[in-house]
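Hi,

Here is the structure I promised to send over. Have a look, and my notes follow below.

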Amino acid sequence: MKFFVDTAETREIRELAELGLLDGVTTNPSLIMKAGRDIFEVTKEICDLVDGPVSAEVTATDFDGMMKEAAILAKIASNICIKVPLTPDGLKACKALTDGGQMVNVTLCFSANQALLAAKAGASFISPFVGRLDDISNDGMELISEIRTIYDNYGFETEILVASVRGVNHVKQAALIGADVATVPPAVLWALFKHPLTDKGLEAFLADWAKTGQKIGA
Ligand code: G3P
């Protein structure tokens, strides 16, 4: 499973990219607002930090407007993935853009039927929002299973990009189901490393090693 990070904070992206575990980045208008930076400047910086897809979202809601904005955003870098909302105009733009060879991430997916439509529109990625479904007492991960089944039934190549991830269990469940990508907030990515027995075990090894009085290398 690929890991994308869901943020527009370049400091956090840089740290994660240095780990060598980052496959891409997703942004959205709310994350750009939170970063408090110019969309073009910050998105260009992000594209230079990672080799993989960097999702940049259109804000127009009509087909022509989306196509115009997509053309502008696509010029930022070759790894830009245009994000469009799951609406009739969004999927029309998705089809036109992917037909032209542009990577497209269809966002704001909350049902299996929406995901089916996005795949038929040729989406490179579908972004089902699991956390927001959990928030309204639905089961976000059940949606991921349904989409996995539907895409496998028909051999759709659209990648399932699990979004609105709120914790490490979402990541584990996404991997168990066979989602292609999870886009996670930086804190959740760091939390994946943590286990109390790892810390305790390392502490014990280092204490025993100190007692040997040995050194590896000079
Ligand atoms: O990038 C979209 C998505 O991940 C949003 O997450 O936490 O605002 O529901 P959240």
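**What sits around the ligand**

The shell around the ligand splits into two nonpolar, two polar and four charged residues (Ala, Val, Leu, Ile, Met, Phe, Trp, Tyr, Cys and Pro count as nonpolar, Asp, Glu, Lys and Arg as charged, and the others, Gly among them, as polar). One caveat: this is a predicted model, where local features need pLDDT of at least 70, side-chain atom pairs count only at pLDDT 80 or more, and totals for chains, interfaces and linings use all residues. Residues are numbered from 1 along each chain as its sequence is written, and side-chain values use heavy atoms, with hydrogens and water left out.

The shell itself consists of Asp6, Asn28, Lys83, Phe129, Arg132, Ala163, Ser164 and Arg166 (each with a heavy atom within 4 Å of the ligand). Which side chains make polar contacts with ligand oxygen atoms (N or O pairs within 3.5 Å)? Arg132 does, at 2.7 Å, as does Arg166, at 2.8 Å, and Lys83 has a side-chain N or O atom 3.5 Å from a ligand oxygen. On its own the ligand has 310 Å² of accessible area, and the protein covers 81% of that (Shrake-Rupley method, 1.4 Å probe).

As for the protein as a whole, there are eleven helices and eight strands (DSSP runs of H or I with at least four residues, and of E with at least two). Its C-alpha trace spans about 70 × 40 × 30 Å along the principal axes. Of its 218 residues, 46% are buried (under 20% relative accessible area, 1.4 Å probe, protein chains only).

Cheers

Notes
A polar contact is a pair of N or O atoms within 3.5 Å; within protein, one must be able to donate a hydrogen and the other to accept it, and residues adjacent in sequence count only if both atoms are side-chain atoms. Buried means under 20% relative accessible area, exposed over 50%, partly exposed in between (1.4 Å probe, protein chains only).
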